[in-house]
Amino acid sequence: FKVCGYLSVVAVALITIYMVVLGAPGIGKIGVGEFLFGTERFPAATTRDPSFGILPMILSSIMATVGAVIIGVPIGLFTAIYLAEFSKGKITTVLRTVISLLSGIPSVVYGLVGMIVVVPAVAKIFGLPSGSSLFSAMLILAIMILPTIVSISENAIRAVPKEYREASLAMGTTQVYTIFKVVLPAAKSGIAAGIVLGIGRAVGETM
């Protein structure tokens, strides 16, 4: 286990060193400021001087991630609450199966479905000439991060001791109050971990 752990760290370190060694000469020639804060990117320009700015890419990645989190986190959290506290019988099995399938779908398939389904739908709903927009990316990313948020949050909620729920209900509170004032605060570390992992996937996909 120790050897495997060290090998993982070494692999990441080698990849990082490889990228820095190959990229440093180019960035040094362009200039770090121009590279990070330049607003135009024409690396193969023929009628003008080449430009290599990546600021629009950075900002769009941040905005897409934030939008996906705003859309996906509430839906994922409420789905996890439903599965952990309310759902029973076959519907629970069906929902968990669907969530598991979503987590196993490759990113390129999400992109393809987004181009075929989401982009035309956004264009039609909002009356746009093209639905290829940041909003479409947010919707697709929100769907992509749902399985991570739902599965981890559900496990965290289920891990809360039942005595917490029983004590709250014995005090005369409602089930909804118990969930939001007792269960969720007790499971906040696990829920936060699920959200952070979802954000990590969203950032990786936007890149």
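Helix axes are taken here as lines fitted to C-alpha atoms over the stretch in contact, and angles run from 0 to 180 degrees between N-to-C directions. This is a predicted model, in which local features need pLDDT of at least 70 and side-chain atom pairs count only at pLDDT 80 or more, while totals for chains, interfaces and linings use all residues. Residues are numbered from 1 along each chain as its sequence is written, and side-chain values use heavy atoms, with hydrogens and water left out.

Helices are DSSP runs of H or I with at least four residues, numbered from the N terminus.

| Helix pair | Angle | Axis distance |
|---|---|---|
| α3 and α4 (residues 90-104) | about 145° | 10 Å |

In this contact (heavy atoms within 4.5 Å), Thr79, Tyr82 and Leu83 of α3 meet Ile91, Thr92, Leu95, Arg96 and Ile99 of α4.

Arg96 also pairs with Glu154 through a salt bridge, at 2.5 Å from N to O; the term requires a side-chain nitrogen of Lys or Arg within 4 Å of a carboxyl oxygen of Asp or Glu. The two partners are 58 residues apart, with Arg96 in helix α4 and Glu154 in helix α6 (residues 134-158). The structure holds 4 salt bridges.

On the surface, a nonpolar patch includes Val32, Phe37, Ile58 and Ile70, and its members together have about 830 Å² of accessible area. Such patches join nonpolar side chains within 5 Å, from residues with over 30% relative accessible area and no salt bridge, the areas coming from the Shrake-Rupley method with a 1.4 Å probe. With 6 residues, α3 gives the most to this patch, and Val32 lies in helix α2.

Technical notes:
Patch = residues over 30% accessible without salt bridge, like charges linked within 9 Å, V, L, I, M, F, W, Y side chains within 5 Å. Helix = DSSP H or I, 4+ residues; strand = E, 2+ residues; numbered from the N terminus.
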